[in-house]
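Dear colleague,

Please find below the structure I promised to hand over. My notes on it follow directly after.

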Amino acid sequence: MTSASSAVGDGRTVIVGPVRYAELCGSGRQLLLDHGFTLVENEATVPWTQPELHALLAGADAAVAGVEVYDSAALAHADRLQIISRLGVGLDNIDLDETRIRGIHVVNVPGGNAAAVAELAIGFMIAVLRRLPEMDAATKAGRWDRFVGRELAGKSIGLIGFGAIAQLVARRLHGFDVAVTAYDPFADEAAAARLGVRLADSAAAAVADVDIVSVHAPHTAATHHIVDDTLIDAMREGTILINTARGGLVDQAALVRGLASGRVAGAGLDVFEVEPASAENPLFAHPNVVVAPHAAADSREAYERIGLATARAIVDVFAGRLPEALVA
């Protein structure tokens, strides 16, 4: 490492919110250290609280952001902050209007965790169809019960959203001989044609006659609770719902009602309206609901890719270069 490259980070502090950063993002972490940055890492197992983040921002030149919230109240403490480098794709925890006002660069890593999320979405489909959690629990309890499930092969899938992750889901589903429909107001028609995906003109049309609905839309004001009572009523009896995107896309109360009525035959959920999810969450009373703790992106391969990309963005900013995937 040359003295010039080391000088890029000399005297500069990077706060690192994501947990287990040293374990999961070794290459990116080493890149920052090699360039002379001082790292203040989250050594807990949960995200920083807002008071903790506020205190740390006062001395930060850069941030590797997890799910901690960079709202206007937090950014009011960030007089030195020049870049927030998001360890992932979603930006709903960052006030982009406020970062623009303050001249803080924001970058993310589009597609960096797409393969991991797509694979878990398909894993949820198989787990719900084949009743894997029920079989696992029964077998470990000494009951040699036979749980008759269903095959993914030959099913029809409706995708809500058709960005990078949804396109990978469609691509990986191809080998299961399924029919895929997608709704996205900004759909890539060329990608749909290439992947053999039929584009619908509304979310209701995408879910109206399919076996499985998988949600892959960004969470915005326009998409909040896109899966509500009305959309669930548009589904046929016995549809399975998968959500590996954001909890706010699904009205939880509506989903509970859909499960109780049988309109929704099962669900695979990585995300929830309130996180961490409480043990008393009414969804957990349904044995046909398979869940994970917002872990769809958590593959070692994804962390390696994303960790390196977020570190490079920080190095670029302090080296006077424009980082890739600049959002604000």
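In helix 3 (residues 26-34), the residues Gly-28, Leu-31 and Leu-32 are buried, that is, under 20% relative accessible area with a 1.4 Å probe and protein chains only, where over 50% counts as exposed and anything in between as partly exposed. Viewed down the axis of helix 3, these buried residues fall within an arc of 95 degrees, so they line one face of the helix; the arc is that of the directions from the helix axis to the C-beta atoms. The elements covering them include strand 1, helix 2 (21-24), strand 2 and helix 14. Just after helix 3, Gly-36 adopts a positive phi of about 90 degrees.

This is a predicted model, in which local features need pLDDT of at least 70 and side-chain atom pairs count only at pLDDT 80 or more, while totals for chains, interfaces and linings use all residues. Residues are numbered from 1 along each chain as its sequence is written, and side-chain values use heavy atoms, with hydrogens and water left out. Helices (H or I, at least four residues) and strands (E, at least two) are DSSP runs, numbered from the N terminus.

Five strands form an open sheet in the order 2-1-3-4-5, with parallel pairing; two strands pair if DSSP finds at least two bridges between them. Its edge strands, strand 2 (38-41) and strand 5 (105-107), each pair on one side only. From one strand to the next, the twist averages 15 degrees. Strand 1 (residues 13-16) runs parallel to strand 2 and is joined to it by four bridges, and Val-16 has Glu-41 of strand 2 as its bridge partner. Helix 14 (residues 300-318) lies across strand 1, strand 3 (62-65), strand 4 (83-86) and strand 5, at about 160 degrees to strand 4. Such angles run from 0 to 180 degrees between N-to-C directions, and axes are lines fitted to C-alpha atoms, for helices over the stretch in contact; contact means heavy atoms within 4.5 Å.

Strand 6 (residues 156-160) and strand 9 (residues 212-215) pair in the parallel sense over four bridges, with Leu-159 opposite Ser-214 in strand 9. Strand 9 and strand 10 likewise pair in parallel over four bridges, and Val-213 stands opposite Leu-241 in strand 10.

Five of the five residues of strand 10 are buried, so this strand is largely enclosed by the rest of the structure. Thr-239, Leu-241 and Asn-243 point one way from strand 10, whereas Ile-240 and Ile-242 point the other way.

Turning to the helices, helix 13 (residues 252-261) has Gln-252, Ala-254, Leu-255, Gly-258 and Leu-259 buried. They cover an arc of only 155 degrees around the axis, which puts them on the same side of helix 13. These residues pack against helix 12 (229-234), strand 10 (239-243), strand 11 (264-269) and strand 12 (289-291).

Finally, helix 9 (residues 164-173) packs with helix 7 (residues 114-130) at an angle of about 55 degrees, their axes being 8 Å apart. The contact involves, among others, Ala-118 and Ile-122 of helix 7 and Leu-168 and Val-169 of helix 9.

With kind regards
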